[in-house]
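Me: I would like to learn how to read a few local features of a model, beginning with a metal site. Could you take me through them one at a time?

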Amino acid sequence: MRMKSEFVFEVALVCLTVFAIGCSQGSGEIRGEEDAVLTSPPNVPPPIKRNYNTKLKVHLEVVEKTSPISEGVDYTFWTFGGSVPGSFIRVREGDLVEFRLSNHPNNKMPHNIDLHAVTGPGGGAASSMTAPGHTSTFSFKVINPGLYVYHCATAPVGMHIANGMYGLILVEPKEGMPRVDREYYVMQGDFYTKGPYGQRGHQPFEMEKALKEQPDYVLFNGSVGAMTGDKSLTAKLGENVRLYVGNGGPNLISSFHVIGEIFDKVFIEGGSSINHNVQTTLVPAGGSAIVDFKVEVPGTLVIVDHSIFRTFNKGSLGLIKVEGSENKIIYSGKTSDSVYLAEGGAVQSVGEAVKVPVAKTKQEQMNFGKQKYESVCAACHQVGGEGIPNAFPPLAKSDYLNADKKRAIRTVLHGLQGVITVNGKQFNSVMPKLDLTDEEVANILTYVYGSWSNAGYSVTAQEVKDARSEKPPEISPEH
Ligand SMILES: [Cu+2]
């Protein structure tokens, strides 16, 4: 039944598309004018209700700004509209777009824009080179429906893109996009910083790593945690969800996947042909895809690049909380319970690199530990330590954790695999070995023990050092 109606729909789409191209290239009449609604990620402007073409005015401002790329790590982004990715633009096939690009007077660099939805030299780049404190205006007619990337194309192009200068423009076909209950904007990008993933402080762009295509960060929507914790996407049981997915690159191809879902439909590469029942779809650098799925069970879906080290070690992870009447997972149960923080648990630095600040009090250990926890552990165990049922065990009120401090230190040092029971639930999975210093392990565990009504133990770098010099525990070979 469903197959049949979809088939009819597709035939209709093809006919309409052919018809639309036929007429829009001719004397497509333009009626009136309006300002385009622009949104920052993960939001998408509302569907277009017009059944005629108009002159659509888009005003986009380039802003160079410093903001967190991860907890405790700053990066100087170059943005279209103040966000990474840039503002989402939604137009109707056949519209005449009047585009104004302003370069904020405080910016240091010239910028321009190449929209893949434009038929014309450089996708508009040639007409839009704009110095700081200037505005360029140009117009184009959108002839082809689809989901298109736009990006800066000012030399060095790779650097402008690597700093976050990309976004999406959706050209709705004349008959509109098929309606769904929720639409979101998700765009991947790879980032190259002087210090490695998670190193605190301001991190400048590193050209060397960009040339070698070895990013420190692979991110959805411009920062680690842009779509986790309080910022997770949401949906209600039974809804149809659509993700407008883009990949700004500059280098990597995304193997886009949502753990716990199957895409009912994929508009392949953001174009007009629709594939069904897809697990993972490729999104090329400078390309897109539109994925639709119905959420049928409550719980948490995990948006990933299935080149999976990028997800668990470089940040490409987002969450969709599906709320249903039962089995509801609550993420807002944040940190800082009534934890008693005793003064004076000074931790000595043990042959540590000079740059890394050493925690001198338990409060500092807690603060550093929180930052590190959120950039390293929260991807799996969640910001509030609640874990994810059947996948990642909880650390909040975990009997396994609280029963044995030494075992917890060994777990973080060496990773863990095989069957374990946490609060009466079995887990049989793999926690990877993580590359952390003694300091970091001590701070993280002090933070974990000091949060969420856990046992409150302090862990010192010396204890971690001692555990490290012991023989690693036997690892169960079975899966
Ligand atoms: Cu630029």
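Reply: Let us begin with the term donor: donors are N, O and S atoms within 2.8 Å of the metal (3.2 Å for Na, K and Ca), and water is not among the atoms, so sites may look incomplete. This is a predicted model, in which local features need pLDDT of at least 70 and side-chain atom pairs count only at pLDDT 80 or more, while totals for chains, interfaces and linings use all residues. Residues are numbered from 1 along each chain as its sequence is written, and side-chain values use heavy atoms, with hydrogens and water left out.

Me: Which residues coordinate the copper ion?

Reply: The copper ion is held by His 111 through ND1, Cys 152 through SG, His 160 through ND1 and Met 165 through SD, at 2.0 to 2.5 Å. In sequence these donor residues follow the spacing H-x40-C-x7-H-x4-M. His 111, in the loop between β5 (96–103) and β6 (114–115), and His 160, in helix α2 (residues 157–162), are 49 residues apart and link distant parts of the chain; helices here are DSSP runs of H or I with at least four residues, strands are runs of E with at least two, and both are numbered from the N terminus.

Me: Which peptide bonds are cis, and where is the residue with a positive phi that is not a glycine?

Reply: Most residues other than glycine have a negative phi, and most peptide bonds are trans. The bond from Pro 41 to Pro 42 is cis, with omega near 5 degrees, and Pro 42 lies in the loop between β1 (30–35) and β2 (53–70). The bond from Ala 155 to Pro 156 is also cis, with omega near -10 degrees, and Pro 156 is in the loop between β8 (146–151) and α2. Asn 423, although not a glycine, has a positive phi of about 50 degrees, and Asn 423 sits in the loop between β22 (416–422) and β23 (425–431).
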